[in-house]
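Student: Hi! Could you walk me through this one?
Tutor: Happy to, here it comes.
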Amino acid sequence: MVDAATSQASLFSPELIAKYDLAGPRYTSYPTAAQFSDGYTVADYTAAATASNRAGAELSLYVHIPFCSTVCFYCGCNKVITKNRAHAANYLMRLGEEIRLQGELYDDTRAVRQMHWGGGTPTFLDHAQTEQLMGLLEAHFRCESGPDSEFSIEIDPRACQPGTLGHLRSLGFNRVSFGVQDFDPKVQVAVNRLQSQAITFGAIQEARDQGFGSVSLDLIYGLPCQTRASFARTLSEVIAIRPERLSVFNYAHLPHLFKSQNRIDASTLPSPAEKLAILDYTIEVLGVAGYQYIGMDHFALPHDELARAQRAGTLHRNFQGYSTHAGCDLVGLGVSSIGMLEGSYHQNLKTLPEYYAALDDGRLPVTRGVLLDDDDRLRRHVIMRLVCAQDLDIAATEARFGIDFRSYFAASLARLAGMAEDGLVEILPGVIRVRDAGRMFLRQICMCFDRYVGAAEQGTRFSRAI
Ligand code: SF4
């Protein structure tokens with residue numbers, strides 16, 4: 001919960017950032033994808049899916065469309081760069097087969113309450129293909145679009161034709177997120193993403209005209225050629241259009257993991273001091289503009305569902321980020337997609353040839369994952385409460401998991417004590433609460449409860465907060 005007396009501007013402390021800005025997971029799951037193993041089999045997945053029917057939770061579908069017509073150099077997504085539209089038809093054929101196989105696993109009494117199409121660029125599909133894909137999903141799952149559901153799609157404004165947003169709305173989508181990153185022309189050239197304000201603002205206006213309930217924009221700080229002054233201009237243009245949600249991600253330069261990042265001239269990246277100045281300004285100016293800092297790079301206007309869910313303690317987090325739909329089982333569809341059932345996480349094959357081969361053989365393309373043990377479930381509860389609600393009820397956790405919290409987490413609490421001294425968390429007799437100043441360090445706070453994170457992994461696999 002938010003300390004009312006603390007302004008957004010006071011969250012920023014260069015000393016604390018220097019002390020706590022360690023690389024760490026973004027906790028879209030616990031255990032994180034780093035713990036997925038090849039030992040997890042299709043049989044494990046089908047058993048977990050069958051077991052999930054007994055609890056009968058509602059479903060969330062994630063659909064991955066991997067194609068993009070040009071590459072953005074900073075990108076760390078699983079994508080295929082091509083201008084050949086024939087790839088979409090081949091992909092849809094296999095995706096349709098996967099949807100059929102997956103649909104057979106889940107009881108048709110289970111409503112799909114949440115759906116997200118991501119990529120890649122979902123609008124690489126033309127209108128007929130988009131309709132075909134939605135039709136396949138509706139044929140094999142009980143999709144329930146409507147005001148109580150969240151059907152969202154990622155839009156690259158450059159790949160959004162006139163009429164696309166109206167078409168998506170007619171198919172049941174009610175939320176959109178637009179990739180922007182930065183409006184500065186120099187930065188756009190440096191990352192190979194040329195996108196005029198007119199295109200972006202036109203798409204946002206069309207989304208609003210078509211009745212999309214919430215518009216979200218993605219920005220990135222730390223890109224080549226960015227300065228505090230240039231990013232301030234981007235922010236002021238973004239604030240003027242007042243998206244309900246904003247993600248301001250930190251660019252992590254990890255060219256050993258993401259090949260296209262090698263095309264970024266590292267000498268043009270902002271210095272650590274400049275990045276700090278950009279972040280400082282971002283938090284301050286968004287606070288002044290009335291945005292609630294949700295945590296983990298996310299901001300929302302107070303009337304938005306995300307902000308309201310956080311205040312109500314019902315915010316949830318999954319592989320797509322923060323969500324208002326807690327308790328759904330997540331079915332991942334498409335190459336490299338990740339799914340989440342109550343007792344396991346799993347991922348599909350990551351390359352198109354492997355994905356196609358599995359489906360052409362009539363096999364589910366699940367390749368790796370993790371089965372959660374009791375300790376994982378307990379730590380997941382603790383970490384997700386801290387990430388979403390930013391407080392943890394100790395007595396409720398003890399009652400739910402049958403543990404003595406202070407002895408079970410003695411080592412974690414010892415690590416957390418220093419953060420409490422620095423004003424990032426409060427450790428009270430019945431509750432652990434993240435203070436406003438700690439929201440910038442959520443991942444480091446959660447790492448105190450993560451049994452898998454080791455010093456050796458930091459800095460290579462995970463990005464930093466700053
Ligand atoms: S950032 Fe988006 S549009 Fe750009 S290459 Fe990556 S997935 Fe494609």
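Tutor: A residue is buried if 20 or more other C-beta atoms, placed from the backbone, lie within 10 Å of its own, exposed if 12 or fewer, and partly exposed in between. This is a predicted model, where local features need pLDDT of at least 70, side-chain atom pairs count only at pLDDT 80 or more, and totals for chains, interfaces and linings use all residues. Residues are numbered from 1 along each chain as its sequence is written.

Student: So is I427 buried, exposed or partly exposed?
Tutor: I427 is partly exposed, because 15 other C-beta atoms lie within 10 Å.

Student: Which strand is I427 in?
Tutor: Strand 19, residues 425-427; strands are DSSP runs of E with at least two residues, helices are runs of H or I with at least four, and both are numbered from the N terminus.

Student: And what does I427 touch?
Tutor: Leaving out residues up to four places away in sequence, I427 touches L413, L416, A420 and I432. Touching means C-beta atoms, placed from the backbone, within 7 Å.

Student: How far apart are I427 and E150?
Tutor: They are 277 residues apart in sequence and 35 Å apart in space, C-alpha to C-alpha.

Student: New topic: which residues are around the ligand?
Tutor: C68, V71, C72, C75, C77, K79, G119, G120, T121, D156 and G179. A residue counts if its C-beta atom, placed from the backbone, lies within 6 Å of the molecule.

Terms used:
Two residues are in contact if their C-beta atoms, placed from the backbone, lie within 7 Å.
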